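Reader: I am new to this structure. Please take me through one part of it closely.

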Amino acid sequence: MSQSVINNITNYMEKHQQGARLTLTAIATSVLTASALISYQRITRSRLQDDKKALKRAVNEEQPAAISIIDEEKMEEQKKEPMDESLVLELLARNTAFFGHESVCKIRKSFVVILGAGAIGSWTALMLVRSGVEHVRIVDPGYVRLESMTRNAVAKIADIGKSKALILKKYIGDIAPNADVQVERTQLTKDNMGDLLADAPDFVVDTLPDVKEKVLVAKYCREHNIKIVSAMSAGAKADPTLIQVTDVNDTMTDPLARMYRRQLRKFGIDRGVPVVYSTEKSLRLDSKDFSTRSLPVLGPVASMFGMALVTYVIVQLAEFTAYKLPANKMRDGVYARLQKELAAREQVIFNNTTDVLSVNEVGYVFDEFWQGKSAVSGAQDRALVMTRWNLSQTSSLVNTVLMTKDEANVHDKLPQGTDLAAHYGPDIVDKINAQFALEKKMQQLWDASPSA
């Protein structure tokens, strides 16, 4: 810059000192503001990029990042200060008013194992502890994913990629520091089931999505005299008024419940397993071919399944006699009679004494296929019997129908090769064949699912 220009600027500033100060102040302010904005934008852009990378990594990766593992280990090391007993009593005052002091003490001393910490299991574990249960074991090998955030009871964005069971333990420690929360981050199998269900739990709550695992758990609990309640799928459900707590023998319409019943009967278990399920039948999804892991689940509905499970458990733990499950249908005598008559029919008419359905299988066909009604006429009376549908094939789950005695007597005398569609009409034949096809499909799904 030339000396003359510098002199001119100097003369101007000496003559206009006040204006120069204001000008310089404005320039300085503008520079500082621009600098601050640029710095803020740089920081914000960097954070957004980091967040996007973290979310993408959490969604795409099954295993947690190293930082998550460190955080999880810290969670286990954290020890909360126990809550004063007077505060605990005040916390549970409403429950005490409802159940009584002695029953609340039973709830507090109980030990409950929760299998699954996802959409239903997370709400179950949370509300069991809020209801006073002070010893729980949470079994779940999974990690929080972005798409599961709408259903989890406690997970935050910062928990993505972390163990579902461990974040539950941390959250419970904040609200109920007196609770003993054990965490098992492992897949349930035949080999480890004894360890995971050890220490004589007062209740096992099954929220597992895999039907094979559910059947194995129910079988184990029956053999070891452990109380259990099981959740069916909340997938594709939207009507909260249709959620029920009932015996597995009394469930209907739900395809998972049907497969559950079917496989339990193989182990001689046709009742005595309470379940939470919905009678709602989805009009949008094909329930004949489903995977419980892929069905869309509404978070509020899943939470209500969890609340129903917790309500049932704490009522049982408190021995609250005002609440009981609906009575079982108790059709043992009917099943035994039908099986005896079927065996006699097979022997006399078809000279078959070996390939005959058992009493359990007869009960399954009676309830699941025909709902206690004639497959031909829909009649429902004491004179119902079972017989073959295709007379050239032996009696089996997919070749046995329920008819009145008169209908069965006529049916069994039909000539070989009779066109059943022409004899009974296409609607009846299609209905019967559809039931057999559904049973075959469900068996295929069972066989194709991974072994537990």
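This is a predicted model: local features need pLDDT of at least 70, side-chain atom pairs count only at pLDDT 80 or more; totals for chains, interfaces and linings use all residues.

Is C221 buried or exposed?

Author: Residues are numbered from 1 along each chain as its sequence is written, and side-chain values use heavy atoms, with hydrogens and water left out.

C221 is buried, at a relative accessible area of 1%. Buried means under 20% relative accessible area, exposed over 50%, and partly exposed in between, with a 1.4 Å probe and protein chains only. C105 is partly exposed, because its relative accessibility is 24%.

Now the interior. In soluble globular proteins, nonpolar side chains tend to be buried together. A nonpolar core is a set of buried Ala, Val, Leu, Ile, Met, Phe, Trp, Tyr and Cys residues joined through side-chain atoms within 4.5 Å. The largest one here has 51 residues. V112, L128, I138 and V313 have the most contacts inside it. Helix α12 (residues 299–317) gives the largest share, 11 residues. Helices are DSSP runs of H or I, at least four residues long, numbered from the N terminus. Another core lies apart, with 33 residues. Among them are V215, I226, M232 and V275.

Look at I138 in the largest core. Contact means heavy atoms within 4.5 Å. Beyond its neighbours within four places in sequence, I138 touches residues including I114, A117, L168 and V183. Q182 and E184 are also among its contacts.

Key. Helices (H or I, at least four residues) and strands (E, at least two) are DSSP runs, numbered from the N terminus.
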